Amino acid sequence: MLITYIGLSEYFQRCIPKAKRKGYFFIISLIARYSDAKDLYEKLEKDWASLNDLTGDKILFVFSTPKVRKRASFFHIPGKELYEGVMCPFIELLNGRGVEDNNGPFEFQYGGYNKIDWKQRYSQTITEFAMNYNILEKEIPCLFLYDLIENRYKVIPIGQSTDIYAMIKAMVEKIAEYIEERKYIEEQLEKYKNIEEYYCLYEKLEKEAEKGKPEQGVAIRMVLGEAQSYKKVKDDIFDPKIKKDLKRIGQWKRQYFSSFEKDDVNKKYYFELKKKEQNIDNEFNSIWDNLENVMKEKERKRKKNSKVTILHDLLSACVKLQSNSMYFAISENQRNDFIRDLLKMAKYDVIDQTRRGISSVGKCAGEVDILIEEDGLPITIIEALNLDSLNTHYLDRHIDKIYRYDTVGNMFNIILSYVTVSNFSKFCEKYFKHIKEYQYIYPLISADDRFEVEDFSYADIRVMKTMHNRNGCDTILYHVCVLIRQ
């Protein structure tokens, strides 16, 4: 934990590269105006030790407080814990030296100390910081989270009544899970360091082949594809750096990559690790996109899994999916992962790809896309599919599958369609006509082509509802069609 007085923009300029070199993953900071600062920091002061335990050696917690204006060492206060320090970056030079070189009390180092309008300076530095990071005035006070791995930041507004410690704890717990999983994968991948370097160099050379003179690109591709040796085509390579890289990749291939390629077990394990690494990053990106919900939900009790709450939170997740360009052209499973992660963050017991029921061919258990449980018992099944047109055969299979998976008779289930069509309205008309006429396993009682969910009257999301008689009980199948941009 580092404590700074003022000058947060200057501090971050200095801190970010140093924090990266020290191996930190994230910086968390509290940004508040002078009038708000005292109360907010007093709430946090009693939790400093706990916050330091939470942040550990991978998350750096930084905040600004008027209490340390007389201490001006740049990072570490002599005699204090290694994680504790203060700074005042407003004076770049003190007696001809940098602020970093002065560990004594600031009032003795700088003769004009008593003339400084600290309140004005504090206001000035918060304004500068807000401008640098596009923070709106209405968003202050806020928590500021900087991701040192991806070089991105997030601003989360807070109020005077907010339990900041609880919010930070919720945030840190989620980040800690990600760090722990990533650390494990990195440790496993360490023994493949040479292989990683080989693939990186190979990819770099592939990109180089697309640039520059055509004959050079052809030569690079021939060497990479082993159609020709480097010696045969070196005269067509004009860039000395590329020549050096081609020689190096040939050496690496002979030294260790050829044997790796022949070791099917080892190669399979490596690619499994890389896939896990990508999945971990994708899951954290979902968490990052919805960090506000993570913290807001932390102190709420687990939701009662009613039709209203599940539909509401599913549609909220769909809205976020629609606005995220990463999911415009992507597989059904990857979209399901995004939806699943958001439902988990909304405090549902969510299980994905669970072996349950019987398959469409009746031979073995099928895979449920998303299953929501409560106290270990099933509540609803969400079966998802990608549709670029009304493929009725594909849709029918999923409708039948959801009933095969539902072995107990849930009060409601959901078909979730990720739709990529040019005319969404026409698609929905055809979709409703089909589900109204379809011969279900359980008889159709009624059908609603525009089921209204409160706060979700959007043109690019349509909810339809069919009610069925299952052994004398009314059960519902919701059809959620979500338009995905192409």
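**Reading a pocket, a helix pair and a loop**

Mentor: Start with the pocket. H10 supplies nine residues to the lining of the largest pocket, which is the largest share. Keep in mind that this is a predicted model.

Trainee: What is the volume of the largest pocket, and which residues are closest to its centre?

Mentor: The volume is about 430 Å³. The lining has 19 residues, and those closest to the centre are Val-223, Leu-246, Ile-249, Gly-250 and Lys-253.

Trainee: Which elements give two or more residues to that lining?

Mentor: Four helices do: H7 (193–209), H8 (214–224), H9 (230–233) and H10 (240–262). Sorted by class, the lining holds nine nonpolar, six charged and four polar residues.

Trainee: How do I read the packing of H8 and H10?

Mentor: Take the angle and the axis separation together. For H8 and H10 the angle is about 10° and the axes are 11 Å apart. Because angles under 35 degrees count as roughly parallel, H8 is roughly parallel to H10.

Trainee: Which residues of H8 and H10 meet?

Mentor: On the H8 side they are Gln-216, Ile-220, Val-223 and Leu-224, and on the H10 side Ile-242, Leu-246 and Ile-249. This contact has six nonpolar residues, one polar and no charged ones. Val-223, Leu-246 and Ile-249 are also among the residues closest to the pocket centre.

Trainee: What should I look for in the backbone?

Mentor: Most peptide bonds are trans, and most residues other than glycine have a negative phi. Here Ile-140 and Pro-141 are joined by a cis peptide bond, with omega about 5°. Asn-134 has a positive phi, near 55°.

Trainee: Where do Pro-141 and Asn-134 lie?

Mentor: Pro-141 is in the loop between helix H5 (118–132) and strand E6 (142–147). Asn-134 is likewise in the loop between H5 and E6.

Trainee: How many residues reach a pLDDT of 70 or more, as a percentage?

Mentor: 74% of them do, and the mean pLDDT of the protein is 77. Then look for stretches under 50. Residues 1–6 stay under 50, and the model gives them 49 contacts beyond four places in sequence. Residues 354–366 also stay under 50, with 32 such contacts.

Definitions and conventions. Residues are numbered from 1 along each chain as its sequence is written. This is a predicted model: local features need pLDDT of at least 70, side-chain atom pairs count only at pLDDT 80 or more; totals for chains, interfaces and linings use all residues. Side-chain values use heavy atoms; hydrogens and water are left out. On a 1 Å grid over the protein atoms alone, a cavity is a set of points where a 1.4 Å probe fits but cannot get out, and a pocket is an open set with protein on both sides within 12 Å along at least five of seven lines; lining residues have an atom within 4 Å of a point. Grid points are joined across faces, edges and corners, and a volume is the space filled by probe spheres set on the points. Ala, Val, Leu, Ile, Met, Phe, Trp, Tyr, Cys and Pro count as nonpolar, Asp, Glu, Lys and Arg as charged, and the others, Gly among them, as polar. Axes are lines fitted to C-alpha atoms, for helices over the stretch in contact, and angles run from 0 to 180 degrees between N-to-C directions. Angles under 35 degrees count as roughly parallel, over 145 as roughly antiparallel, 65 to 115 as roughly perpendicular and the rest as oblique. Contact means heavy atoms within 4.5 Å. pLDDT is the predictor's confidence in each residue, from 0 to 100.
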